[in-house]
Amino acid sequence: MFVFVLALLIGVVAGLRVMTAPAAVSIAAAAGWLPVANSWAAFMGYRFTPYICCLLALVEYVTDQLPSTPSRKVPQQFGARIVSGGFCGAVLGTAGGSLVGGAVAGVIGAILGTLGGYEARKRLVTAIGGKDLPIALLEDLVAILLALWVVTS
């Protein structure tokens, strides 16, 4: 049961920041925290996978601050978050013995993280007078810390 909670939470991370979840999962797989070496998800633990995922996550952190970045609720952004959450949930589910259950929990978490993160950010920005940058950085920090907690649990 705990693996489904972790898959749900990694999905929430994907809903907040689409590439933070795969970065955390790949770091955990490479470090041996996730036993996926002899499964379909073994590539997540390959030598360069964490570097690639972390680089993509860093690019996302920068582009999120740009005024031209579309809302996370547009179909392309929302879809990417669902795919990321489902994939990362499936990896966690595989490590816990239930690929499909992990994937479903990851998708649900991604939907919750996307919509909940949007509402929370919108309300917090309004509450502090319309300044988005501090709230965006706070959201980055929450996503990173939650992802690290999930993959080390």
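Contact here means heavy atoms within 4.5 Å. On that basis, in this predicted model, Thr 49 touches Ser 26, Phe 43 and Met 44, leaving aside residues up to four places away in sequence. Thr 49 sits in helix α3. With a relative accessible area of 14%, Thr 49 falls under the 20% cut-off, so it counts as buried.

Salt bridges come next. Side chains of opposite charge can pair when their charged atoms come close. A search of the whole structure turns up nine salt bridges. Seven residues are linked in a network of such bridges: Arg 17, Asp 64, Arg 72, Arg 121, Asp 132, Glu 139 and Asp 140.

Glu 139 and Arg 17 are both buried.

Arg 121 also pairs with Glu 139, in a salt bridge of 3.2 Å, N to O. Here Arg 121 comes from helix α5 and Glu 139 from helix α6, so the bridge ties together parts 18 residues apart in sequence. Again, both partners, Arg 121 and Glu 139, are buried; for Arg 121 the relative accessibility is 11%.

Asp 132 is another partner of Arg 121, and the closest N and O atoms of that salt bridge are 2.6 Å apart. Since Asp 132 lies in helix α6 and Arg 121 in helix α5, the pair ties together parts that are 11 residues apart in sequence. Asp 132 has a relative accessible area of 32%, which lies between the 20% and 50% cut-offs and therefore makes it partly exposed.

Then there is the largest pocket, which holds about 370 Å³ of space. Its lining is made up of 17 residues, and the closest to the pocket centre are Asp 64, Pro 70, Ser 71, Arg 72 and Arg 121. Helices α3 (49–63), α4 (75–96) and α5 (99–127) are the elements that give two or more residues to the lining. The largest share, four residues, comes from α5. Sorted by class, the lining of this pocket has eight charged, five nonpolar and four polar residues.

Key: Residues numbered from 1 in each chain as written. Predicted model: local features only at pLDDT ≥ 70, side-chain atom pairs only at ≥ 80, totals over all residues. Heavy atoms only, no water. 1 Å grid on protein atoms, 1.4 Å probe; cavity = no way out; pocket = protein on both sides within 12 Å on 5 of 7 lines; lining within 4 Å. Points joined across faces, edges and corners; volume = space filled by probe spheres on them. Nonpolar A, V, L, I, M, F, W, Y, C, P; charged D, E, K, R; others polar. Buried < 20%, exposed > 50% of the residue type's maximum accessible area, 1.4 Å probe, protein only. Salt bridge = Lys/Arg side-chain N within 4 Å of Asp/Glu carboxyl O.
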